[in-house]
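Let's walk through a structure together, one question at a time. Have a look at it first.

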Amino acid sequence: MPQLIAVMGVSGSGKTTVGAALAQRLRVPFGDADDFHPQANIDKMSAGISLDDADRTPWLAAIGAWLAAHSADGGVISCSALKRDYRDILRAAAPTTVFVHLAGDQEVVRKRVAGRPGHFMPASLVTTQFATLEPLDPDETGIEIDLDQPVDRIVEAYLHAAVEDL
C-alpha cells in the first residue's frame, strides 16, 4: 500500500531534508510545504510576525489537496503541522497520512535556524513555534523521532517503525 507521510516539526527541525531523503528512499514524490505559502504569509514571517490560524488554514488545505492527489501512489511532504487541529485538516483530506514528528531541543533548533542563509523564517520565531507545538496524541498515527541525529538514522528509524506497523 502506498505511504502518505507528513514530516512535521518546528522550523529548523530538518523537515525538508528528512522528507526529501525519505521520499527518495521510498521512491515517491516529495513536496515542501514552504512552497505552498502565499506571498502574504511569507511577507508576514519575514517581518518576524507569527502566522495565525486564519493564515494557516488555506495553506493547510493546499497541502491536504497535495496529499490527497498522491494517495494512490504515495508521497512525502514536509509540513510544520504544529497543532492537532492542523493535522486534522490534513487527515480530513488524506486519512491515511502518517506523521513523523522531528522533535528536539529548542536551542539546537534555534542554532540551525540562525545558520540558514536566505530562509524567510527568522530565528526569533523559534520560541513561538515551540509554544504552539502540540506533540502527536496517542490516537494519531505517527512516530516521534529525535531530530539531533544524522538524516540516514532518522530515515531508518521511520522505516523500522513502519515495518513494525505504526
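Here are some questions and answers about the sheet, the helices and a few residues.

This is a predicted model, where local features need pLDDT of at least 70, side-chain atom pairs count only at pLDDT 80 or more, and totals for chains, interfaces and linings use all residues. Residues are numbered from 1 along each chain as its sequence is written, and side-chain values use heavy atoms, with hydrogens and water left out.

Q: Which strands stand at the edges of the open sheet?
A: The five strands come in the order β2-β3-β1-β4-β5, with parallel pairing (strands are DSSP E runs of at least two residues and helices H or I runs of at least four, numbered from the N terminus; two strands pair if DSSP finds at least two bridges between them). An edge strand has a single partner, so one side of it is left without a neighbour in the sheet; that goes for β2 and β5 (142-146).

Q: What is the bridge partner of Ile5 in β4?
A: Strand β1 (residues 4-8) and strand β4 (residues 98-103) run parallel, joined by four bridges. In β4, the partner of Ile5 is Val98.

Q: Are α3 and α4 roughly parallel or roughly antiparallel?
A: The axes of helix α3 (residues 53-69) and helix α4 (residues 84-93) come within 8 Å and cross at roughly 30°. Axes here are lines fitted to C-alpha atoms, for helices over the stretch in contact, with angles from 0 to 180 degrees between N-to-C directions. Under 35 degrees counts as roughly parallel, over 145 as roughly antiparallel, 65 to 115 as roughly perpendicular and the rest as oblique. That makes α3, relative to α4, roughly parallel.

Q: Is Ala81 buried or exposed?
A: Ala81 sits in the loop between β3 (75-78) and α4. Buried means under 20% relative accessible area, exposed over 50%, and partly exposed in between (1.4 Å probe, protein chains only). Ala81 has a relative accessible area of 0%, so this residue is buried.

Q: What is phi of Arg27 near?
A: Arg27 lies in the loop between α1 (15-26) and β2 (30-32), and counts as exposed at 78% relative accessibility. Most residues other than glycine have a negative phi. Arg27 is a residue other than glycine with a positive value, near 60°.

Q: Which residues does Ala157 touch, not counting those up to four places away in sequence?
A: Ala157 belongs to helix α7 (residues 151-163) and is partly exposed, at 27% relative accessible area. Contact means heavy atoms within 4.5 Å. Leaving out residues up to four places away in sequence, Ala157 touches Ile143 and Ile145.
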